[in-house]
Amino acid sequence: MNKQIFLSELRTRLSGLPQEDIEERLGFYEEMIDDRMEDGCSEEEAVAGVGSINEIVSQILADYPLSKLVKEKVKPKHKLRAWEIVLLVLGSPIWLCLLIAAFVVIFALYVVLWALIVVLWAVEISLMISVLACVAGAVILAVQGQGLLGLAALGAGIFCAGLSIFLFFGCKGATKGAAILTKKIALGIKSLFIGKGEKNEQNS
């Protein structure tokens, strides 16, 4: 792939972004390709060294604020006519309610996901505290001459310690998974705006 095709495809994939941001990013990658070519790479090698367009678009979307994408999407591309304003006002009870409902559902799912993670870590902390309490209880009981109860407390502490170690790795994995899922959901939402922007660009 040569530089012109690369930049053209990248422009198409980023068509949902504000125009000034598209130009800024295209300029960045064009300069990067030119620098590689000055270092002795062929045009195709320089383009390949920059990375695939999918990876570049994903990285740009990951770093791009969702609020800015939404603002760009809802910004009218032309001056609204009187009948368009009337339709927007008359339809506002429907589209506004749907928009709020969608936001509430997404936010609720996000809260529930991270609430489960918090609960898991709370259980983990409780188990760690239980281990300390059982060990302390075993020492106190042993000093008081209640050896059997002390052994029982120590056994309970060892059991809680095993559960704590097992749950720690589970909490760590769940937290990492939730973070990855959150990032993918955000990237998917941003991709919807980019995709719609691309279609609008092609239709216009």
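Here are some notes on this predicted model, going from the overall fold to single residues.

1. Ground rules. As a predicted model, it has local features taken only at pLDDT of at least 70 and side-chain atom pairs only at pLDDT 80 or more, while totals for chains, interfaces and linings use all residues. Residues are numbered from 1 along each chain as its sequence is written, and side-chain values use heavy atoms, with hydrogens and water left out.

2. Overall fold. Helices here are DSSP runs of H or I with at least four residues, strands are runs of E with at least two, and both are numbered from the N terminus. Of the 204 residues, 23% count as buried. Buried means under 20% relative accessible area, exposed means over 50%, and partly exposed is in between (1.4 Å probe, protein chains only).

3. Contacts and surface. A contact means heavy atoms within 4.5 Å. Among contacts in the chain with a separation of 6 or more, 73% come from residues 24 or more positions apart. The chain exposes about 14,000 Å², and carbon and sulfur atoms supply 71% of that. Accessible areas come from the Shrake-Rupley method with a 1.4 Å probe; for residues, only the protein chains shown count as cover.

4. The structure holds three salt bridges, each defined as a side-chain nitrogen of Lys or Arg within 4 Å of a carboxyl oxygen of Asp or Glu. Glutamate 30 meets lysine 3 at 3.8 Å, N to O; glutamate 30 sits in helix 2 and lysine 3 in helix 1, so the pair ties together parts 27 residues apart in sequence. Lysine 3 counts as buried at 19% relative accessibility. Aspartate 34 also pairs with lysine 3, with the closest N and O atoms 3.0 Å apart, and this links helix 2 to helix 1 across 31 residues. Then there's arginine 11 with glutamate 23, at 2.7 Å between the closest N and O atoms. Arginine 11 is in helix 1 and glutamate 23 in helix 2, so parts 12 residues apart are tied together. Shared partners join Lys3, Glu30 and Asp34 into one network.

5. Helix 3. The buried residues of helix 3 (residues 43-50) are Ala46, Val47 and Val50. Seen down the helix axis, they fall within an arc of 95°, so they line one face; the arc is that of the directions from the axis to the C-beta atoms. An α-helix has 3.6 residues a turn, so residues three or four places apart point the same way. Their cover includes helix 1 (3-13), helix 2 (19-38) and helix 4 (53-63). After helix 3 comes glycine 51, with a positive phi near 120°.

6. Helix 6. Trp95, Leu96, Leu99, Ile100, Phe103, Val104, Phe107, Tyr110 and Val111 form a nonpolar surface patch with about 910 Å² of accessible area together. Patch members have over 30% relative accessible area and no salt bridge; like charges are joined within 9 Å, and nonpolar side chains (Val, Leu, Ile, Met, Phe, Trp, Tyr) within 5 Å. Leucine 96 is in helix 6 (residues 82-143) and is partly exposed at 38%.

7. Cysteines. A search of the whole structure finds zero disulfides, meaning cysteine sulfur pairs within 2.5 Å. Cysteine 134 has its closest cysteine sulfur in cysteine 160, 4.9 Å away and too far for a bond.
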